[in-house]
Amino acid sequence: MFRSYSKLLKTFIGHTDRVRSVDYVTFDGGQFICSGSDDKTVRLWDVENNKQIQLFKGHPGYVYCVKFSLYHYHNRHRNVISSSGDKTIRFWDIKDNAQLQMFNGGASEFCGIEFSSFNGGRYLCSGTYDNTIHLWDVETSNLLHIFNGHEGIVWCVDFSPSQSNNNHNENKSNNIGVIGGNGYTICSGAGDKTIRTWDIETTKQLTVFTGHRDFMRSVKYGSNELRNTGGANTILSGSQDRSVRLWDIRSGQQIQAFSGHRDWIYAVEYSPFVIKNSEFGDSSNVVCSGSQDNTIRFWDVRSNKEELHVIKGDEKNDGILCLKSMVLKTKEKNSKNTKNSTYDLNLCYGSRNGPICIWG
């Protein structure tokens with residue numbers, strides 16, 4: 001399946017330096033990508049028309065991470081991009097083409113950011129150069145808590161996935177802990193070569209995962225849908241030590257390690273692909289990783305053997321720095337019937353030299 005159907009679908013040209021982060025969203029019947037770059041800009045792209053439609057300038061330094069804000073979309077009926085870099089986190093209003101809001105980090109630069117999987121994305125966590133994680137209330141712009149424990153730059157953060165059995169309770173206000181995040185956690189990866197998890201309710205550090213031999217660059221919780229990988233009980237990580245690792249949160253132990261990349265790994269993703277694995281006689285999920293060696297590699301989480309497939313980036317792009325899984329909606333040509341629409345699995349990545357590519 002990989003070998004038969006994997007191909008480059010689209011390329012977006014505009015950034016003049018490395019693209020560190022991409023995100024994807026659909027709204028108002030359209031499909032959009034946002035991107036952040038070392039050229040100090042945040043850009044918005046129309047996927048269907050393959051063109052840039054917005055350019056936001058304001059960060060005096062590199063833009064490390066970008067995310068679409070579902071909180072603004074659902075609660076304020078505004079389409080907003082959040083971006084981190086230099087010593088600020090900025091919110092950009094797409095319709096007005098203007099900065100809407102800004103969080104100031106004082107003396108420290110911000111790295112990775114992520115919106116909460118609960119309360120409609122009202123909360124945001126950010127990793128910083130001063131070895132801490134900041135927790136923010138997007139509604140009030142208040143800094144709620146600073147998590148201390150890492151001994152290196154916190155490059156990446158993630159919120160634990162939504163708890164489906166708690167959806168009813170999430171809509172009710174409560175005063176448990178800092179933000180009512182009962183049962184939710186944050187994971188973080190840092191320059192101290194560790195991954196750590198933090199309890200949002202008690203603000204306490206829970207687990208320290210050790211094993212990587214260099215800086216952490218990407219950490220991701222599994223989802224509740226990924227039952228074969230342990231679902232929400234796993235963390236996927238990528239490091240400058242050129243390895244991808246899968247961790248069991250319950251035991252605090254490493255489940256699997258994947259080696260094959262020849263340079264730093266900047267991004268990891270749980271892929272929507274599910275395959276039949278003859279060795280284990282069952283369906284098994286797939287993860288993928290993007291590296292400065294200019295490849296995206298796909299791995300079977302049940303096997304530490306060689307990768308399933310390798311996508312090689314354009315030689316001119318010189319490295320893959322970020323990944324985003326996406327499901328693109330496509331319409332048959334010359335057809336006005338929406339029932340003829342089809343959906344495809346895709347990967348969007350940002351490159352070291354500026355272009356953004358989508359692979360089908």
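I took helices (H or I, at least four residues) and strands (E, at least two) as DSSP runs, numbered from the N terminus. On that basis I counted 3 helices and 28 strands in the protein chain.

I note that this is a predicted model, in which local features need pLDDT of at least 70 and side-chain atom pairs count only at pLDDT 80 or more, while totals for chains, interfaces and linings use all residues. Residues are numbered from 1 along each chain as its sequence is written, and side-chain values use heavy atoms, with hydrogens and water left out.

**Whole chain.** I looked up burial, where buried means under 20% relative accessible area (1.4 Å probe, protein chains only). Buried residues account for 55% of the 360 residues in the protein chain. The chain exposes about 16200 Å², with 44% supplied by carbon and sulfur atoms; these areas come from the Shrake-Rupley method with a 1.4 Å probe. I then examined contacts (heavy atoms within 4.5 Å). Of those between residues at least 6 apart in sequence, 51% join residues at least 24 apart.

**Sheet β14 to β17.** I counted two strands as paired if DSSP finds at least two bridges between them. Four strands make an open, antiparallel sheet in the order β14-β15-β16-β17. Its edge strands are β14 (154-159) and β17 (205-209), each of which pairs on one side only. Neighbouring strands of the sheet are turned by 20° against each other on average, direction ignored; the axes are lines fitted to C-alpha atoms. Between β14 and β15 (residues 185-190) I found 5 bridges, and C156 stands opposite G189 in β15.

**Nonpolar core.** I defined a core as a set of buried Ala, Val, Leu, Ile, Met, Phe, Trp, Tyr and Cys residues joined through side-chain atoms within 4.5 Å. The largest has 14 residues, and those with the most contacts inside it are C125, I133, L135, F159, I186 and I200. I noted that β11 (123-128), β12 (133-137), β14 and β15 each supply at least two of its residues. The largest share, 3 residues, comes from β14.

**Hairpin β20 and β21.** I found 6 bridges joining β20 (residues 243-248) to β21 (residues 253-259), and the two run antiparallel. V244 stands opposite F258 in β21. The hairpin has 4 residues between its strands, and G252 takes a positive phi near 75°.

**Record.** I checked residues 182-208: the end C-alpha atoms lie 20 Å apart, and the span is 0% helix and 56% strand.

How values were computed: Buried < 20%, exposed > 50% of the residue type's maximum accessible area, 1.4 Å probe, protein only. Axes fitted to C-alpha atoms, helices over the stretch in contact; angles between N-to-C directions.
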